[in-house]
Amino acid sequence: MDEHQDPSKVTESGKDKLIGAAGNLKEAAGAKAEDFRRAAGQKADELRSAAQDKAQELRGTAESAWSEATSKAKSWHSEGEAYVRDNPTKAVLIALGFGLLLGLLLRK
């Protein structure tokens, strides 16, 4: 401090510098917060996109599995009908045997 300076002016000058530094700090913190918000938004968009892609992939796999299961069930149904038409007596006796066996198992 210079001997010829007024202490109140020095105090006022220090106060102004402190207020300016606080303003700069606030501005820098706001900029960092905005950068962080923007980065978080980008990451959220990337994760959302990845999740949608995975969901679409799983949906395709599930539809394929369902289609295959439906096809197999229809095939077994038609094979069963053909067997019953070709062997009606055998089919009735087999059904009677399964019914009797199931009845005995459930009775106990």
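Why are Glu 68 and Lys 72 separated by about one helical turn? The two residues are four residues apart in helix H1, and therefore about one turn lies between them. Helices here are DSSP runs (H or I, at least four residues), numbered from the N terminus. The model is predicted: local features need pLDDT of at least 70, side-chain atom pairs count only at pLDDT 80 or more, and totals for chains, interfaces and linings use all residues. Residues are numbered from 1 along each chain as its sequence is written, and side-chain values use heavy atoms, with hydrogens and water left out.

Glu 68 and Lys 72 form a salt bridge, with their closest N and O atoms 3.8 Å apart. A salt bridge requires a side-chain nitrogen of Lys or Arg within 4 Å of a carboxyl oxygen of Asp or Glu. Glu 68 is partly exposed at 47% relative accessible area. Lys 72 is also partly exposed, at 44%. Partly exposed lies between buried (under 20% relative accessible area) and exposed (over 50%), with a 1.4 Å probe and protein chains only. Salt bridges that share partners join Glu 34, Asp 35, Arg 37 and Arg 38 into one network.

Arg 38 is partly exposed, at 43%. Asp 35 is partly exposed, at 40%.

Helix H1 also holds Arg 48 and Asp 45, three residues apart, or about one turn. Their side chains meet in a salt bridge of 2.7 Å, N to O. Arg 48 has a relative accessible area of 47%; Asp 45 has 44%. Across the whole structure, the search finds seven salt bridges.

A nonpolar surface patch of about 600 Å² is made by Tyr 83, Val 84, Ile 94, Phe 98, Leu 101 and Leu 105. Helix H1 (7-86) and helix H2 (88-107) each give two or more residues to the patch. Patch residues have over 30% relative accessible area and no salt bridge; like charges are joined within 9 Å, nonpolar side chains (Val, Leu, Ile, Met, Phe, Trp, Tyr) within 5 Å. H2 gives the most, with four residues. Ile 94 lies in H2 and is partly exposed, at 40%.

H2 has 20 residues and reaches 28 Å from first to last C-alpha, close to the 28 Å expected at 1.5 Å a residue. The expected span is 1.5 Å times one less than the number of residues. H2 is hardly covered: one of its 20 residues is buried.

How values were computed
Areas by Shrake-Rupley, 256 points an atom, 1.4 Å probe, with all protein chains shown as cover.
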